[in-house]
Amino acid sequence: MSEEKEIKVVGARTNNLKNVDVTIPRNKFTVITGLSGSGKSSLAFDTIYAEGQRRYMETLSAYARQFLGNMERPDVESITGLSPVIAIEQKTTNRNPRSTVGTITEIYDFLRLLFARASIAYSKETGEEMVRYSDEQIVKMIIKNFINKKIMILAPLVKGRKGHYKELFEQQRKKGFVNIRIDGEVQEIKPLMKVDRYKNHFIEIVIDKLIPSEKDEKRLLDSVRTAMSQGKGTIMILNIENSEIKYYSRNLMCPTTGISYNEPAPHSFSFNSPQGACPHCNGLGTVSEMDITKIIPNPKKSIKNGGIEPLGKVSNVSIYSRIEIILRKYKIAITEPIENIPEDVMNIILYGSDESFRVDGIQGGASQYFINFEGVINFINERQAIGSEWSQNWADRFIKYVECPVCQGRRLNEQTQYFKIGDKNISDLSELDIKTLHEWSQNIEEKLTKRQLSIAREILKEIRSRLSFLLDVGLDYLSLNRATYTLSGGESQRIRLATQIGSKLVNVLYILDEPSIGLHQRDNTKLINSLKTLRDEGNSIIVVEHDEETIRSADYVVDVGAYAGIHGGEILFEGTPEQLAAKKINSLTAKYLSGEMKIDVPPKRRKGSGKTLTLRGAKGNNLKNVDVSFPLEKFICVTGVSGSGKSTLINETLQPILSQKFYRSLQNPLAYSSIEGIENIDKVIQVDQSPIGRTPRSNPATYTKLFDEIRKFFEKTPESKIRGYTAGRFSFNVKGGRCEDCKGAGVQTIEMNFLPDVYVKCKTCNGKRYNRETLEVRYKTKNIGEILDMTIDEACDFFEKLPNIYRRLKVLQDVGLGYLTLGQQATTLSGGESQRVKLATELAKSDTGKTFYILDEPTTGLHFEDVRVLLGVLNKLVDKGNTVLVIEHNLEVVKVADYVIDLGKDGGERGGEVLCFGTPEEVAKCNNSYTAEFLRAILK
């Protein structure tokens with residue numbers, strides 16, 4: 001363990017860092033801040049974390065390292081005082097559909113243990129509490145209940161199953177058993193004996209006949225043990241006098257009906273185990289089925305004109321000739337609209353039929369043959385099952401995933417639902433939000449028996465502890481059964497943070513990437529307190545952050561700047577937040593903290609066009625049948641605490657409705673009643689934070705189509721004309737002008753076992769992407785490779801005289817991306833940068849003035865100054881007559897909006913309502929809104 005008090009970074013030159021030295025105190029809460037692109041992540045992740053990872057790898061054996069490869073040392077002179085490093089980034093936790101909040105936090109594992117050891121089982125038939133007895137207890141109960149009565153001890157073998165059971169009877173005869181009871185009748189077992197194979201049978205072996213008394217205890221015990229071994233832990237006692245039956249079992253058993261459950265174990269409650277998973281959906285909670293609305297999107301079309309989407313328009317494909325034969329038999333034209341074709345005929349076309357259809361020969365019936373038709377849906381299923389990857393992707397377009405009809409989405413088999421603690425089974429608890437589940441765990445001990453309490457006390461302590469950590473980071477609205485692939489980056493990050501707090505590690509350096517993303521101001525204090533808790537346990541915390549409250553709460557601040565890209569990469573300040581706010585330095589962060597610079601509230605709000613887009617009866621997820629009006633030609637902000645229903649309302653209901661209307665999107669909106677005013681807009685554009693590409697080939701220049709214009713211009717240069725080069729010569733995605741060693745990527749991919757692929761600069765072209773001949777063509781001394789290495793700011797000056805190119809570059813500059821290079825790999829862009837590249841792409845297009853823009857948290861990853869620049873761009877869009885809607889928590893954005901819609905009051909089940917709407921000033925007057933509380937303070 002290092003005794004040093006500081007982490008010292010000397011000579012850091014990673015990416016745009018300019019040989020900087022930084023000293024960060026250990027066991028403190030440090031914030032690294034600065035403009036987007038100034039070098040914060042380069043310092044925190046690409047230098048400090050990368051070096052920590054490299055040192056860890058070096059501690060592994062040579063044998064282990066051969067599988068992991070060698071990590072390259074970051075470009076830094078030295079780093080001292082470094083503890084073991086854990087990075088908590090914004091990547092989604094797990095894309096596996098089996099991964100849930102409960103599994104990754106380990107809370108569900110403790111719940112499984114709790115239910116396996118301390119739950120009470122109830123009969124699914126009668127609701128009675130299930131019982132289990134030892135053999136000795138059973139003997140005593142038989143003597144007590146059947147003293148001086150004639151009884152028969154039976155071992156059940158078959159319960160209501162079909163079969164002739166010839167082998168079973170012969171097996172029992174060889175074991176020495178003489179009598180068997182078949183469907184209530186006792187018979188002697190004879191050789192070659194069998195029963196009707198097509199009927200359900202109930203078969204029991206007769207173990208003993210007697211009148212029980214105290215002196216028969218040893219005989220009874222022997223008979224009970226024999227019956228138990230034959231009946232797999234369950235026996236039947238038949239009262240011969242009145243034919244009444246009583247069941248006893250070593251296993252859990254219903255005392256009335258005799259049904260028994262398997263002995264519970266932790267895996268019995270796991271949807272990732274065959275013993276616990278629902279057999280129909282295999283523990284996924286959903287099943288796939290064909291979506292008829294996707295197969296026949298427009299019933300007004302005829303089959304001939306492509307009414308059946310998977311088949312397209314009529315062609316020479318054999319499936320069409322078969323459909324024509326079917327329609328001909330029922331005297332229906334293939335030009336008839338699908339909605340006019342009788343349902344039974346459409347069912348044959350979709351699902352097939354056992355019926356044979358006659359096909360007349362060419363000579364007017366001289367020869368005939370018959371065909372069967374499998375149906376369009378079976379055709380799609382076959383393509384999906386045995387086709388190529390393309391065929392499977394094609395078939396997936398016509399599939400929808402629905403809740404499993406057997407388990408109703410609960411993932412577990414039926415038996416698990418009858419094991420309860422209090423009045424709740426494990427699925428009931430998984431569906432509760434974290435806050436309600438925490439309350440249940442606090443109060444459940446009062447309802448437990450002494451035996452249950454002795455087992456459950458320590459398990460409940462662990463569950464409560466982990467739930468508390470989730471509450472501390474503002475995730476009270478999530479439930480344990482929430483799939484992790486549905487979580488936002490910020491939610492995933494905070495779950496990992498809560499898990500780390502629960503791990504109780506000490507002397508660790510934690511590095512976090514903007515943990516406040518997606519977090520309402522109400523929950524920010526909880527998050528900051530969680531970080532301080534982690535620090536107080538003896539750890540060092542480094543947070544890359546722009547949030548003002550987080551910066552002011554830190555023990556130490558490192559400000560990187562002064563600007564972005566090549567104009568950044570310097571350390572402007574190191575010290576306390578108070579010192580930064582008081583310092584007169586060339587720091588935008590210091591100017592905003594001191595109040596010297598600020599984002600002003602507009603003097604007046606836009607009145608808009610007076611027209612609205614109104615969504616009625618939205619009830620997806622937690623929305624409570626809400627009606628919402630969106631005034632057009634305004635800047636609209638949708639607010640509310642995390643989990644209040646913002647994304648459900650906008651991204652999962654409104655946006656799919658508009659996309660279906662304008663683009664025939666296959667994405668289905670969540671439940672709603674109606675939408676009005678859609679005729680007042682003519683286009684919807686959603687700008688989200690998904691990557692602009694997943695490989696190094698994609699970059700801002702290609703995504704915005706800017707590179708197409710540059711290639712066309714290079715085609716017209718004198719050198720190109722002499723050599724006969726076309727625009728294609730300057731594409732790094734096709735053969736001809738590109739470097740063939742790296743196929744134009746500029747980097748070569750090294751596939752790593754157990755780790756993501758690593759990209760290294762191509763040694764042939766030195767990262768230039770092109771071959772020597774292509775790079776000989778120049779404009780103003782620059783070749784195409786050097787153009788891609790220019791920053792957007794430099795390119796704006798370089799191409800100022802070329803309007804087609806300059807216009808697209810200027811838009812990228814206007815959204816605050818001037819520091820990016822034209823050829824910057826998409827894999828290196830943050831979510832916020834990707835979103836602004838997409839926004840710039842849309843801004844470069846000519847708008848109609850009736851466009852509806854939707855942005856989800858566009859301030860992610862943005863500094864105060866970047867937010868001001870972005871707001872200027874969005875306001876320009878609205879000034880042209882468009883409508884801009886943003887989902888946002890950043891109060892600097894909320895306060896400048898024309899119209900605010902606030903959802904809440906809380907998250908999950910306690911949310912889903914529209915609390916208030918209107919101008920920020922009107923919303924600030926609302927007494928039932930957390931957003932209003934913070935708005936009142938900022939509008940003063």
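Author: A residue is called buried when its relative accessible area is under 20%. The model is a predicted one, and in it Cys926 has a relative accessible area of 12%, so this residue is buried. Cys407, at 6% relative accessibility, is likewise counted as buried.

The next matter is bonding. A disulfide is a covalent bond between the sulfur atoms of two cysteines. The cut-off applied here asks for two cysteine sulfur atoms within 2.5 Å. By that rule, the number of disulfides is 0. For Cys407, the nearest cysteine sulfur belongs to Cys404 and lies 3.6 Å away, and Cys407 is in no disulfide. Cys926 is in no disulfide either: its nearest cysteine sulfur, that of Cys916, is at 3.5 Å.

Strand S28 (residues 683–687) runs parallel to S33 and is joined to it by 5 bridges; Val687 stands opposite Leu855 of S33. Strand S34 (residues 883–887) also pairs with S33 in the parallel sense, over 5 bridges, and there the bridge partner of Leu855 is Val886. From S33 the chain crosses through helix H30 (residues 864–879) to S34, a β-α-β crossover that is right-handed.

Antiparallel pairing is found elsewhere, in an open sheet of 3 strands with the order S25-S24-S27. Strand S25 (626–631) and strand S27 (674–676) are its edges; each has a single partner strand, so one side of each is left without a neighbour in the sheet. From one strand to the next, the twist averages 10 degrees. Strand S24, residues 612–618, pairs with S25 in the antiparallel sense over 5 bridges, and within this pairing Leu615 has Val628 of S25 as its bridge partner. Helix H21 (residues 646–663) packs on the sheet and touches S24, S25 and S27, with its direction at about 115 degrees to that of S24.

Note on methods
Residues are numbered from 1 along each chain as its sequence is written. This is a predicted model: local features need pLDDT of at least 70, side-chain atom pairs count only at pLDDT 80 or more; totals for chains, interfaces and linings use all residues. Side-chain values use heavy atoms; hydrogens and water are left out. Two strands pair if DSSP finds at least two bridges between them. Helices (H or I, at least four residues) and strands (E, at least two) are DSSP runs, numbered from the N terminus. Axes are lines fitted to C-alpha atoms, for helices over the stretch in contact, and angles run from 0 to 180 degrees between N-to-C directions. Contact means heavy atoms within 4.5 Å. Buried means under 20% relative accessible area, exposed over 50%, partly exposed in between (1.4 Å probe, protein chains only). A crossover is right-handed if, with the strands pointing away from the viewer, the path from the first strand over the helix to the second runs clockwise.
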